[in-house]
Structure formats: structure tokens, C-alpha cells
Amino acid sequence: MVEHEIRSNEAGQRLDKFLGKYMPLAPKSFFYKMLRKKNITLNGKKAAGQEKLAEGDRIRFFLSDETVSKFTGPARTTEKPERKRPVVPPVELDILYEDRHTLFINKPAGMLSQKAAAEDVSLVEYVTGYLLKSGQITDEELRTFHPAVCNRLDRNTSGIVAAGKTLAALQELSAMFRDRTLWKYYLCLVAGSVQEGAHIDGYLVKDPKTNRVSFSKAETAGSVRIETEYRPLCEGEGASLLEVHLITGKTHQIRAHMAVQGHPIIGDYKYGNRKINDRYRSTYGLTFQLLHAARLCIPQQDGVLAGLSGKTVSAPLPELFRRICLDRHIGKEYLTWPHGIQEDSGDPRWRNS
């Protein structure tokens, strides 16, 4: 007999979903048969499989080692031999805020949020490595739960990425991003003089062959609706620093929207002005777009996210972004950006205080 106690990072999922992760080679019919025969029990009782698991629940497997090994592979037996950890290059994460359930990281430009190919190493792998090294998760726990990020930034966009350290937090954070119940604010440096803010809506169509999107005011086949608003903070020497409220969150949305407005983001070679970008590359060595996910304002919450209720997570600008602004006399008063979490999100609009 093998007994497994549900940990905090596994809680919140259905029993049958957990069983599918615990023994990934077994068909669903096997689990339901074993549950009916009480060869798999939950807290000492017969279960149907639809039960939602809570921390501390105990699942007992009245199965032979041969059966367990058959459906999990040779690595899982009652002896539970050590699992080989994935090789991830050491990276010191810029952690903005962390609690038992969540992790907010200031992602640097150049790092993938998630894998684009099997051989990639992304922020997800770095987060997993950090949790393993700090003892917050074990190799055995990785069989039934994998930490993951809840929002994605383009490789060359810097700023806040939220991650769930437990399944419950991952589900609730992801729902907030999906349902747009939190506010996402970016800073970007764009070409030209922007005198007034604007609220833009329309439709984006993505070309998967080029990984490029196009903007249209009219809905077309395959398009998705997008909505962005921005306001200028300051300008100087042919560039403007903007605050952007990302209302929806689609591929390259801010980058495409600002290019359509005639003010492409500096450093953005996909949608921007090559001549301007080349000048900044030559002068500053700039190799990424000056777009930064600066603030995340979280609404009132309870449950596992109660510690984040009504708060704002902020990420300071990358040093090169800040230096370019200072060197070009743009927005000195706006560049001392908070690091971490503030107690009251208050007005979701950016406040210079």
C-alpha cells in the first residue's frame, strides 16, 4: 500500500486529474475501476473521482509495486528513488514579491516567459530551479504539480510576470488575467512627440508564419478584439515616454497599436522605424524594445490570494531604459520606480507620488 498526502501546491484539483498526473501511463478507465473497487481511496473512504482535493487529504493506493511501476514508469515505486533534476543554468531572479502561493518576477528583456521550443530554457524553468534550490518544492512534487507563469511577455519586453507556486494560486491568478479584473500598466519610449492620450480599439490578426500582427478597425475572419489606452508623461529630443493601460492582452498588442498611431516603440525592429532603432543601437547598444510591464494593480481578493488584496506590484525600469531617458532629458521625475509591493492600489491610474 502507498499513501500520498496532498500538499498545498497540489490542492484545488479534482481527484481524477491528480491521479492522471500521479500515474500518467494509466488509462482513465483504470482509475475509475480502482476507485469503484476501493483499491484507491480518499481519506479512507470510497471516492468517485470528481472530489476536489484539499491540503492534507490522504490518497491510498492498494496496488502492487508492479502495477504502480507499469503506469508511472520505473522511476516510481514505494521506495521513491530520487528523480534527476533538469539542468538549468543558474540565474538570479529579480523577485518583486513572494508569499506561500505566488511569485512576482521582474523579467529582463531577452528572457522567454515560456518555452517556444523543446530545447528552450525559459522563466518557467528558472522559477522551478529557484523553488527546488530553496526547498519550496521537491522532485517528487514535480510529478503532480509544475509551477507556471500566469501571464506572458514578449522575449524582448521587460517587467512583471506573475507565477503560481501552488495550483490554487495558479488557477486564481490566471483567472484574473483571463477575466481582466486586474489592471496592467506599461511604460514605453516611443518615437515622436505625443501631446495627448488616446483610447484605441479595433482588431488584430496574427500571421503565424511571420509571427506578426496587423491592426484593423473592422472585424475580419480570424481577428480578435483589442483595446488599449495611453497617456503621455513627458517628451524630449524626438521621443515621448508613455504610460499604457493594457485593457486586453493579445500578441504584440501595444507594439502594433503604437506603430499604427505613428509612434512606434524605440528598439522594436518588427513594428518600428529601422533608421531610428539603428541610431539607438549604435549610440546605446540597444537590442530590445523599450517596453516595460511596470505595474500590476490587484483587486480585492480572499482565499489564497488574500495577501495581495487591493495591492500593487511594481517593477523598476531596466537600467539601460532609464539611462536612455535620463541621457535624452526625458522624464527624470518619473524614473524612480518602486520595487516590490505597495499596500494600496488605490486609483488604478499611475500617480507620481
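The structure on the screen is a predicted model.

**The largest pocket**

Begin with Arg152, Leu153, Asp154, Lys250 and Thr251. Of the 39 residues that line the largest pocket, these are the closest to its centre. The volume of this pocket is about 1200 Å³.

Next, select four elements: helix α5 (167-179), strand β8 (183-191), helix α6 (253-260) and strand β13 (291-297). Each of them supplies at least two residues of the pocket lining. Which element gives the largest share of the lining? It is β13, with four residues.

Now colour the lining by residue class. It contains 14 nonpolar, 13 polar and twelve charged residues.

Select Arg180, in the loop between α5 and β8. Most residues other than glycine have a negative phi. Arg180 has a positive phi, near 60°. Is Arg180 buried, partly exposed or exposed? Its relative accessible area is 45%, so Arg180 is classed as partly exposed.

Move on to His252, in the loop between β12 (239-246) and α6. This residue also is not glycine and has a positive phi, here near 55°. The cut-off for a buried residue is a relative accessible area under 20%. His252 is counted as buried because its relative accessibility is 6%.

Select residues 198-207, which form strand β9, together with residues 224-236, which form strand β11. These two strands pair in the antiparallel sense over seven bridges. To find one of the bridges, display Ala198 and its partner in β11, Tyr230.

How many bridges join β9 to β10? There are five, and the two strands run antiparallel. Lys206 can be displayed with Val213 of β10, which stands opposite. While these strands are on the screen, a general point may be checked by eye: in a regular strand the side chains alternate between the two faces of the sheet.

Follow the chain through the hairpin of β9 and β10, where four residues lie between the strands. In this hairpin, Asn211 takes a positive phi near 50°.

**Aromatic rings**

Show the side chains of Tyr97 and Phe104. Their rings form a tilted aromatic pair, with 6.2 Å from centre to centre and 55° between the planes. Both residues are buried. In total, the model has six aromatic pairs. Another selection is Phe18, Tyr22 and Phe61, which form one aromatic cluster.

**A last stop: Leu308**

Finally, select Leu308, in the loop between β13 and β14 (312-314). Why does Leu308 count as buried? The reason is its relative accessibility of 1%, and the cut-off is under 20%. To end the tour, draw a distance line from the C-alpha atom of Leu308 to that of Leu241. The two residues are 67 residues apart along the chain, and their C-alpha atoms are separated by 29 Å.

Methods. Residues are numbered from 1 along each chain as its sequence is written. This is a predicted model: local features need pLDDT of at least 70, side-chain atom pairs count only at pLDDT 80 or more; totals for chains, interfaces and linings use all residues. Side-chain values use heavy atoms; hydrogens and water are left out. On a 1 Å grid over the protein atoms alone, a cavity is a set of points where a 1.4 Å probe fits but cannot get out, and a pocket is an open set with protein on both sides within 12 Å along at least five of seven lines; lining residues have an atom within 4 Å of a point. Grid points are joined across faces, edges and corners, and a volume is the space filled by probe spheres set on the points. Ala, Val, Leu, Ile, Met, Phe, Trp, Tyr, Cys and Pro count as nonpolar, Asp, Glu, Lys and Arg as charged, and the others, Gly among them, as polar. Rings of Phe, Tyr and Trp (its six-membered ring) pair if their centres lie within 6.5 Å; planes under 30 degrees apart count as stacked, over 60 as edge-to-face and the rest as tilted. Buried means under 20% relative accessible area, exposed over 50%, partly exposed in between (1.4 Å probe, protein chains only). Two strands pair if DSSP finds at least two bridges between them.
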